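Look at the structure shown here and follow the chain with the text beside it.

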Amino acid sequence: MTDKRVTIAQIAQRAGVSSPTVSKVLNGRPGVSDATRQQIETIIAELGYEQRSAPRQSNSHLVDFVISGLDTQWAAELVSGAQTEATRRGKDLVVTATHGAPVGGAHWIDHLVQRGTSGVVVVVSELLEVTQRKMHQLKVPVALINPTGTQYPSIPTVAATDWAGSRDATEHLISLGHQRIAFITGSLDLLSHRDRLDAYRSVLSRHQITYDPDLVLTGNSLFEGGRRLASELLNRAPRPTAILNGSDEQAYGVYRAVKEAGLRVPADVSVIGFDDVDLCQWVDPPMTTVHQPLREMAQEATRMVIDLSEDPHAPRLGMELPTHLVVRGSTAPPPRVP
């Protein structure tokens with residue numbers, strides 16, 4: 001059934017509401033309860049109704065950028081990349097920090113639509129179902145950076161080759177002679193961290209090194225997470241001779257734990273980070289890490305949503321950008337056992 005035969009009045013009658021209420025839902029305006037809004041959206045989808053003229057978001061001069069927090073160099077790199085592309089395309093960037101909460105909800109979408117946006121870039125998060133449905137109806141383009149793994153066929157994604165990066169880091173440590181290699185990973189809710197852990201296990205198996213689950217700890221990707229979990233690892237006997245990490249800031253926390261244990265990087269424990277933020281060159285010794293093209297990832301995602309705002313038929317592709325290992329001073333052969 002098409003919108004030639006389905007009218008707002010018919011939708012209203014089926015939902016048991018007034019036509020103005022249906023109109024509010026169709027145009028993303030407030031004043032409708034979440035339950036009623038969801039009921040009307042379900043009926044609209046069932047009847048196949050499509051507005052003849054959707055709101056023209058392409059005329060907006062804004063691009064929304066949603067990220068969990070802004071207090072890390074990792075976040076700063078992403079925001080910088082998005083800002084560069086938005087400026088190049090004549091747009092202003094609006095940054096929202098969720099502080100770990102899910103992205104979106106009816107009221108957030110209402111506000112978004114009222115002020116207008118060319119599109120939304122979401123970093124390391126999962127869209128609420130209601131958010132995805134409303135954005136699709138309102139023709140607001142969305143792109144995800146480092147998606148969780150949930151499949152959104154109509155939403156373009158940008159990620160890095162996390163599996164390859166972790167593979168290269170693990171191979172580097174084994175080439176130096178390490179056998180007892182620990183892994184402090186970030187949240188395994190994220191596809192990127194699952195891929196890195198999978199690569200680590202695969203490389204160990206390839207070199208006939210037994211996987212030890214006691215050497216894999218999961219925590220947040222911040223300094224304190226690395227420090228706390230590394231302290232646990234360094235108190236074990238035998239302790240690991242190398243520690244891989246889910247981020248550079250987490251790896252810096254490992255540096256601190258190593259020092260507090262009266263040990264040295266890399267003489268006693270080799271350390272590898274992930275991201276290659278500026279911190280890696282400031283610490284002593286400079287940190288070996290996996291370079292992740294954070295700025296380029298944000299630029300590509302921002303370009304995607306602006307392209308889609310200008311042409312709804314623009315490609316909606318998944319994109320992976322390459323990582324590479326940067327060897328500095330925090331890795332060396334393991335200490336000799338007396």
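Leaving aside neighbours within four places in sequence, A97 is in contact (heavy atoms within 4.5 Å) with I67, S68, G69 and L70. The model is predicted, so local features need pLDDT of at least 70 and side-chain atom pairs count only at pLDDT 80 or more, while totals for chains, interfaces and linings use all residues. Residues are numbered from 1 along each chain as its sequence is written, and side-chain values use heavy atoms, with hydrogens and water left out.

A97 lies in strand β2 (residues 92-97); strands (E, at least two residues) and helices (H or I, at least four) are DSSP runs, numbered from the N terminus. The C-alpha atoms of A97 and S68 are 5.1 Å apart, although 29 residues separate them along the chain. A97 has 25% relative accessibility and therefore counts as partly exposed; buried means under 20% relative accessible area, exposed over 50%, and partly exposed in between (1.4 Å probe, protein chains only).

Helix α8 covers residues 191-206. Its buried residues are S192, H193, R196, L197, A199, Y200, V203 and L204. Seen down the axis of α8, these fall within an arc of 155°, so they line one face of the helix; the arc is that of the directions from the helix axis to the C-beta atoms. An α-helix has 3.6 residues a turn, so residues three or four places apart point the same way. The buried residues of α8 pack against α7, β6, β7, β8 and β9. After α8 comes Q208, with a positive phi near 55°.

Definitions and conventions:
The expected span of a helix is 1.5 Å times one less than its number of residues.
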